[in-house]
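Here is a report on the inside of one protein chain.

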Amino acid sequence: MARKVLNSPEYVKPCVVDVAHKLLRPTNWVFLDGREHVDYRKGLNGLFTRQALELYLPGQEEVYSKYFQKFLDISQKENSGKPTPFMPHFRELMCAVSCRTFVGHYISDEAVKKIADDYYLITAALELVNFPIILPFTKTWYGKKAADMVLDEFSKCAAKSKVRMAAGGSVGCILDGWVKTMIESENYRQKIAQGVKAEEAGKPSQLLRPFTDFEISQTIFTFLFASQDATSSASTWLFQLMADRPDVLDKVREENLRVRNGDRNAAFTMDMLESMTYTRAVVKEILRYRPPVLMIPYLVKKDFPITETYTVPKGAMVIPTTYPALHDAEAYPNPDLFDPERWITGTAENQTKNWLVFGTGPHYCLGQTYATLNLMAMVGKASVLLDWEHHVTELSEKIKVFATIFPQVSPAPARTLSTCCLVV
């Protein structure tokens with residue numbers, strides 16, 4: 001049923017909540033529909049190829065090295081090894097790695113920290129129960145202010161990238177790759193206008209129009225919107241469940257030391273990541289067992305005969321969910337058991353119909369390969385540099401839903417999401 005909704009663009013389109021248009025802006029590409037959406041999306045596909053993803057690895061490694069040292073300082077120096085809620089730190093880590101991947105060093109560490117701190121306000125503003133009109137000092141008002149700040153920062157990054165790439169700079173982030181293709185497209189059009197033959201003009205793989213700084217900013221913001229809460233959730237569960245299962249952590253550590261030829265400080269490469277069979281299985285099992293995104297709201301554009309006996313009326317909201325498919329006992333035996341081996345010796349890899357973690361259809365997640373490799377890189381590097389324990393509480397085994405799902409802790413720190421307590 002979920003797949004039918006996700007694969008029916010003639011009947012439905014993503015709608016999120018009303019305030020999302022005000023935060024992301026109504027002209028944002030994620031709200032486009034049909035041919036217009038497809039054409040826009042084509043221009044972004046090249047930013048997530050294997051070749052492109054490999055260019056982003058040094059920036060990601062830099063962030064992980066910095067934050068893992070910070071984790072040690074927090075745990076051992078600031079808290080003397082006492083259990084510490086780490087969810088706020090995971091949020092900042094994932095925001096930092098996203099920003100470095102998306103906009104490189106065009107953004108300052110201080111701006112990354114502010115975005116990580118304030119992104120909670122954006123998430124809170126997008127709750128289903130919020131009043132749709134933005135009134136001062138409400139959740140939506142604070143969320144709008146935070147969104148404006150993010151859009152302004154990314155617009156500045158776009159302007160800086162255009163200058164650098166026009167001067168022949170190398171690609172170091174997603175923004176650079178996109179801007180470079182825009183420049184190549186404009187050069188091609190100018191050559192054609194001057195009478196140069198098409199075969200000699202050097203047509204780029206994707207012919208793009210020039211995008212304004214703000215259009216670029218809106219798009220980069222959607223990448224952050226899609227990744228921030230989801231990867232924060234996934235990283236929290238990764239650390240917690242691997243602490244609960246030291247046998248799994250040991251296997252991940254052994255694999256990562258082996259692919260690094262025993263050098264725990266070796267920089268990861270794409271070949272290295274693609275050879276990590278067990279680490280990939282752990283990440284995929286986390287995403288199945290605790291899927292970050294549970295529901296995807298869609299607006300019905302015209303009467304939708306969703307079953308033989310029921311038609312969803314035009315204007316209604318229909319919300320496919322991923323959880324039942326990912327916990328279907330026919331596809332994943334013992335679905336409530338965290339079992340990475342099902343992806344190696346079992347049949348989990350064959351259950352493509354049930355694998356709805358990243359959606360399906362015309363709005364499937366562009367960054368699904370990036371997200372998986374990013375989580376593999378993070379936990380793989382952590383396994384060879386850190387050790388950690390999970391301090392179990394009454395609530396840490398229970399799930400809190402806040403856009404995505406997280407372990408609970410009591411009491412929850414103000415303006416941070418709850419998480420397990422970890423000793424790193």
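## Packing around one phenylalanine

Phe 154 touches Cys 99, Val 103, Ile 107, Ile 115, Ser 217, Ile 220, Phe 221 and Leu 224, if residues up to four places away in sequence are not counted. Keep in mind that this is a predicted model.

The largest nonpolar core has 115 residues, and within it Phe 154 and Met 378 touch the most other members. Helix H9, residues 213–244, gives the most to this core: twelve residues.

## Rings and charges

Now turn to the aromatic rings. The structure holds 17 aromatic pairs. A pair of aromatic rings is described by the distance of the centres and the angle of the planes. For Phe 102 and Tyr 370, the centres are 6.2 Å apart and the planes make an angle of 55°. This pair is tilted.

Which parts of the chain does the pair of Phe 102 and Tyr 370 link? Phe 102 sits in helix H5 (residues 87–103), and Tyr 370 sits in helix H14 (residues 368–385). The two residues are 268 residues apart, so the pair links distant parts of the chain. Are Phe 102 and Tyr 370 buried or exposed? Both Phe 102 and Tyr 370 are buried.

Ring pairs also build a cluster. Its members are Tyr 64, Phe 68, Phe 71, Phe 86, Phe 90, Phe 239 and Trp 388.

The table lists two cases.

| Arginine | Ring | Distance to ring centre |
|---|---|---|
| Arg 209 | Phe 211 | 3.9 Å |
| Arg 290 | Trp 237 | 5.0 Å |

The charged end of Arg 209 sits over the ring of Phe 211. Arg 290 lies over the face of Trp 237.

## A pocket and a cavity

Next come the spaces. The second largest pocket has a volume of about 360 Å³. Its lining counts 17 residues. Nearest the centre of this pocket lie Gly 46, Leu 47, Gly 177, Thr 181 and Ser 205. Helix H4 (50–78) and helix H8 (174–193) each supply at least two residues of the lining. H8 has the largest share of it, with five residues.

How many cavities of 30 Å³ or more does the structure hold? There is one. The largest cavity holds about 50 Å³ of space. Its lining is made by Leu 53, Tyr 56, Leu 57, Gln 60, Met 270, Leu 273, Tyr 370, Leu 373 and Asn 374. H4, helix H11 (270–274) and H14 each give two or more residues to this lining. H4 gives the most, with four residues. Tyr 370 is thus met again: it lines the largest cavity, and it pairs with Phe 102.

## A proline in a loop

Last, look at Pro 291. Where is Pro 291 found? Pro 291 is in the loop between helix H12 (277–289) and strand E3 (298–300). Pro 291 counts as buried because its relative accessible area is 1%, and the cut-off for buried is under 20%.

Pro 291 has partners beyond its neighbours within four places in sequence. They are Ile 286, Thr 322, Tyr 323, Leu 326, His 327 and Ile 405. Thr 404 is 113 residues from Pro 291 in sequence. In space, the C-alpha atoms of Pro 291 and Thr 404 are 8.2 Å apart.

Conventions
Residues numbered from 1 in each chain as written. Predicted model: local features only at pLDDT ≥ 70, side-chain atom pairs only at ≥ 80, totals over all residues. Heavy atoms only, no water. Core = buried A, V, L, I, M, F, W, Y, C linked by side-chain atoms within 4.5 Å. Buried < 20%, exposed > 50% of the residue type's maximum accessible area, 1.4 Å probe, protein only. Contact = heavy atoms within 4.5 Å. Phe/Tyr/Trp six-rings, centres within 6.5 Å; stacked < 30°, edge-to-face > 60°. Lys NZ or Arg CZ within 6 Å of the ring centre and 35° of its normal. 1 Å grid on protein atoms, 1.4 Å probe; cavity = no way out; pocket = protein on both sides within 12 Å on 5 of 7 lines; lining within 4 Å. Points joined across faces, edges and corners; volume = space filled by probe spheres on them.
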